[in-house]
Amino acid sequence: MSKIYSEDLYIKDFYCDRTAKLSIPMIAELAIASSIQQTAEMGIGMKELHAIDRGWVLLQYDIQINRRPDSGEKIRLTTDPKKRNQFFALRVFDFYDADGNLLIHIDSLWAMINLKRRRLVSLLNEFVDPLNGQSVEHLEKLPSPNLLDRTFTGSAIAVEEVKSTYFDIDTNQHVNNSNYLKYFLLPIKEDFLLHHEAKRIIVKYTREILEGQTVASKTQFVNPLASIHEISDDSVINATAEIEWR
């Protein structure tokens, strides 16, 4: 059985957006922090990986949000390194309130990268075996986002340019995955964000963004409660997302 890690924490004010609820980028930050803490305590963490020029990279997210916790609320966060094969690993995150109600569920797909060559490599057994995730030949696929409709019949596409900075970069020397979630939301009008909640967010990362790189964040609403997102640099797509709202 895989080794499930859990921790209790309070939602601090700086974890939240202006609605006083846990922000969407911080959902990813807290989830990843729990997996980093688990592997660090087991002696198979970022320090050990970076010593041999390896790192974990996120490929896909499927985030389902029942309710974002409020500032000051106590929650329990669990992470389960559920399954893996030779090249990929499936890790699950769950956020619960004090009564045990599920707030947020995340399925995530990961791979390992050679930090010098910037290429994906096979998973190293010494970093995955201790987690006791189920070893399978084929992992089930996570859903992929729909793409922007650039035909004449497609709805309008809002665009916001953003330049990555020193503070967006993580220890893998590229833009941290949680910042992509922030970039995706930039073209959306403030009034919409204040009066709507994300119900499900599907994300696919395809190409890393480096420090100082300027990208375009594009958003297209296909109906009043469904949006398609793309982050790209000229003709190269860095990431795509699809958000269901309520």
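A residue counts as buried under 20% relative accessible area, as exposed over 50%, and as partly exposed in between. The structure described here is a predicted model. In this model Asp-53 has a relative accessibility of 26%, so Asp-53 is partly exposed. Asp-53 sits in the loop between α2 (46–51) and β2 (54–65). Although Asp-53 is not a glycine, its phi is positive, at about 60°. A positive phi of about 60° is also found at Asn-132, again not a glycine. Asn-132 belongs to the loop between α3 (125–128) and β7 (134–135), and with a relative accessible area of 37% it counts as partly exposed.

A further loop residue is Asp-99, placed between β4 (89–96) and β5 (102–114). Its relative accessibility is 70%, and Asp-99 therefore counts as exposed. Along the chain Asp-99 and Met-1 are 98 residues apart, and their C-alpha atoms are separated by 26 Å.

Aromatic side chains were examined next. The structure holds eight aromatic pairs. In one of them, the ring centres of Phe-192 and Phe-221 are 4.9 Å apart and the ring planes stand at 65°; because an angle over 60 degrees counts as edge-to-face, this pair is edge-to-face. Phe-192 lies in helix α5 (residues 190–195) and Phe-221 in strand β10 (residues 214–223), so the pair ties together parts that are 29 residues apart in sequence. Phe-192 is buried, at 14% relative accessibility, whereas Phe-221, at 26%, is partly exposed. Phe-192 also forms an edge-to-face pair with Trp-245, with 5.0 Å from centre to centre and 85° between the planes. This pair links distant parts of the chain, since Phe-192 is in helix α5 and Trp-245 is in strand β12 (residues 236–245), 53 residues apart. Trp-245 is buried, with a relative accessibility of 4%. Elsewhere, one aromatic cluster is formed by Tyr-61, Tyr-180, Tyr-183 and Tyr-205.

Two of these tyrosines, Tyr-180 and Tyr-183, are among the buried residues of α4. Of the nine residues of helix α4 (residues 177–185), eight are buried, so the helix is largely enclosed by the rest of the structure. The other buried residues of α4 include Asn-177, Ser-178, Leu-181 and Leu-185. The axes of helix α1 (residues 24–41) and α4 come within 8 Å and cross at roughly 170°. Because angles over 145 degrees count as roughly antiparallel, α1 and α4 are roughly antiparallel to each other. On the α1 side, the contact is made by Ile-24, Pro-25, Ala-28, Glu-29 and Ile-32; on the α4 side, by Asn-177, Ser-178, Leu-181, Lys-182 and Leu-185. Sorted by class, this contact has six nonpolar, two polar and two charged residues.

The largest nonpolar core has 54 residues, of which Leu-22, Leu-30, Tyr-61, Phe-95, Ile-104, Ile-106 and Ile-201 touch the most other members. Helix α1 gives the most to this core, with seven residues. Another core, of 10 residues, lies apart from it; among its members are Leu-109, Ile-113, Leu-115 and Val-136. When residues up to four places away in sequence are not counted, Ile-201 touches Ile-24, Tyr-61, Asp-62, Ile-63, Ile-65, Leu-181, Glu-242 and Ile-243. Among these neighbours of Ile-201, Ile-24 and Leu-181 also take part in the contact of α1 with α4, and Tyr-61 belongs to the tyrosine cluster.

Definitions and conventions: Residues are numbered from 1 along each chain as its sequence is written. This is a predicted model: local features need pLDDT of at least 70, side-chain atom pairs count only at pLDDT 80 or more; totals for chains, interfaces and linings use all residues. Side-chain values use heavy atoms; hydrogens and water are left out. Rings of Phe, Tyr and Trp (its six-membered ring) pair if their centres lie within 6.5 Å; planes under 30 degrees apart count as stacked, over 60 as edge-to-face and the rest as tilted. Helices (H or I, at least four residues) and strands (E, at least two) are DSSP runs, numbered from the N terminus. Buried means under 20% relative accessible area, exposed over 50%, partly exposed in between (1.4 Å probe, protein chains only). Axes are lines fitted to C-alpha atoms, for helices over the stretch in contact, and angles run from 0 to 180 degrees between N-to-C directions. Angles under 35 degrees count as roughly parallel, over 145 as roughly antiparallel, 65 to 115 as roughly perpendicular and the rest as oblique. Contact means heavy atoms within 4.5 Å. Ala, Val, Leu, Ile, Met, Phe, Trp, Tyr, Cys and Pro count as nonpolar, Asp, Glu, Lys and Arg as charged, and the others, Gly among them, as polar. A nonpolar core is a set of buried Ala, Val, Leu, Ile, Met, Phe, Trp, Tyr and Cys residues joined through side-chain atoms within 4.5 Å.
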